[in-house]
Structures are given as C-alpha cells and as structure tokens.
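Here is a short report on a protein fold. Please look over the sequence and the structure before reading on.

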Amino acid sequence: MHNSVEPHLSVFYSKLRALNVYLIEFHPLYFQCRYKSHALNCEIIKEKSQNFKEKTDVYFALHDIVHQPAKCIAILKSKLGLNRKVFARNCIVTKINQIEGSAFVHSYHLLDKVTYSYYVGLKYLDELIAVAAFSKGRKLNRLKADERSYELIRFCCKDGYTITGGLSKVLNYFVEEKNAAHMMTYTDNMLGEASSFEKIGFKRIEIKTPLSFSIDATNFKKLLPDDNKYQDSYVFTNLGNTKWVKYYSTQLL
C-alpha cells in the first residue's frame, strides 16, 4: 500500500537534506523499514544545514508530503531564500471576490481553502501574487459602537514569490476599510516561528495545546470523527498553534 508514497518521499528527502527541517514520523513502522538509518526513536528525523541562516525549525507531516508535495517544497524554497522578492510598495492592494480568493488559498496554502466574506489581494504587474482571508467582524464590549474585532484566517503568496511588506500592506488596507480595532490570528507551530507578526506589532498571547486526529493508513488522508475506518488508521498530533493579537483602538490599550 506504500508504493504510491515512495516517489514523493524520495524527491522530498533530497530537498530536506538542504534545510534545517524536522520530519515528524506518524507512521513509525513504515519509516522504521524504509529509513531506519535516519530514524530517531521512529518519531523524528532531523537534518541540519550550515546554509540555513534563520533560527527556524520547520516540521512536515507525512500526509502533507504525500498529498501536497508542491506546497511543502514551496515552503522550503521560501525558507531558503530562493523565491523572487517583490516589494509591497510596487504592488496594488485590492478587494478579491470569494470565488477567486478561496481558489487562490486552495492552490497555495498548506491548510487549504476557507470560505469567508472578506478577501484582500496583492497584484504585481496585474498578476495576483498574495491573498489574505478575514473573518466577519465581532463586537467586543470594550469597543466603540462602530468598531469591530477581526481574525486573519489565511495569508499566502503565490509559489515562487516573497513579498517584502506584503502582510503589513494587506492588514493596513483591511483595518482602514473595516475600521478594525482589534486583529487576531493564529500561526501553525509546525512551520516555525512567526517573527513577521512581531515585526508589525502583534503580541504573542497564547500557545495552544497540540491537537490529535486520525489518518487513514492506506491513503494518508485525514479521517472525520464519525468515519468507520479507524481500524486502518494511526494518530497524528500536531504542534499546536500560537495566538497573536494587535490592538488598533485606544479603547483596548
């Protein structure tokens, strides 16, 4: 049942050796057989790189490598500084409709698409190269009557692009457009530290507890809670999320 997985892993391992990356093993018997010389307690494989300048650890799960290899490799390329760099000042910020925004996130975000009312994009030379997805506004007791709290649900760039100042530009546009007084977001601890949020004024509020869910051992897909295939599954536990908050209203300072 592992024949279809092997080609993805072979290609991906060649990429891992150039990075300071941890590959979390959630199918220990398989990896014990295939990669015994690299295994550490059949749970974690660590490859170090002298060329990796940032103090950031990146983790990948087997099911993401199998089903989304292009997205995983795009993350590695970005961490290695191999992307084309574009300055946000050279981009046009614009509203994106739900269909276009959701499709972009589905193509380029590891956590896949979300359906929300608000999408903001960045265009460079008339090409959409980044999209942010936001929640609807929530009323907080401490806010003024016309102020709301929002959540940044997703932010991603097109493969091959790094946009300097891009996150800040879409946030500033949205905050002004919606009179947002409070912004929150979560970063995935699997993908390393989120220093970009600290640089633009977000505060680290909380580190969420890791979550566990089941993976179908025959096709490496996530199982729903009411799925009846648990006899052929194994448990995946992520590294949790980190909650970040930024206050724009003096009512909250």
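## Overall make-up

This is a predicted model. The protein has seven helices and 14 strands. Of its 253 residues, 45% count as buried. The exposed surface comes to about 14000 Å², and carbon and sulfur atoms supply 49% of that area.

Strands of a sheet pair through backbone hydrogen bonds, in parallel or antiparallel fashion. Here, seven strands form an open sheet with mixed pairing, in the order β5-β6-β7-β8-β10-β14-β11. On average, neighbouring strands are turned by 30 degrees against each other, direction ignored.

Look at one pair inside the sheet. Strands β6 (residues 118-124) and β7 (residues 127-134) run antiparallel and are joined by seven bridges. Y124 stands opposite E127 in β7.

## Helices on the sheet

Helix α5 (residues 98-108) packs on the sheet. It touches β5, β6, β7 and β8 (148-157), and its direction makes about 100 degrees with that of β7.

Helix α6 (residues 166-178) also packs on the sheet. Its contacts are with β5, β6, β7, β8 and β10 (180-188). The direction of α6 makes about 135 degrees with that of β6.

## Helix α4

Which residues of helix α4 (residues 69-79) are buried? They are K71, C72, I73, A74, I75 and L76. After α4 comes G81, with a positive phi near 75 degrees.

Key: Residues numbered from 1 in each chain as written. Predicted model: local features only at pLDDT ≥ 70, side-chain atom pairs only at ≥ 80, totals over all residues. Heavy atoms only, no water. Buried < 20%, exposed > 50% of the residue type's maximum accessible area, 1.4 Å probe, protein only. Helix = DSSP H or I, 4+ residues; strand = E, 2+ residues; numbered from the N terminus. Pairing = 2+ DSSP bridges. Axes fitted to C-alpha atoms, helices over the stretch in contact; angles between N-to-C directions. Contact = heavy atoms within 4.5 Å. Areas by Shrake-Rupley, 256 points an atom, 1.4 Å probe, with all protein chains shown as cover.
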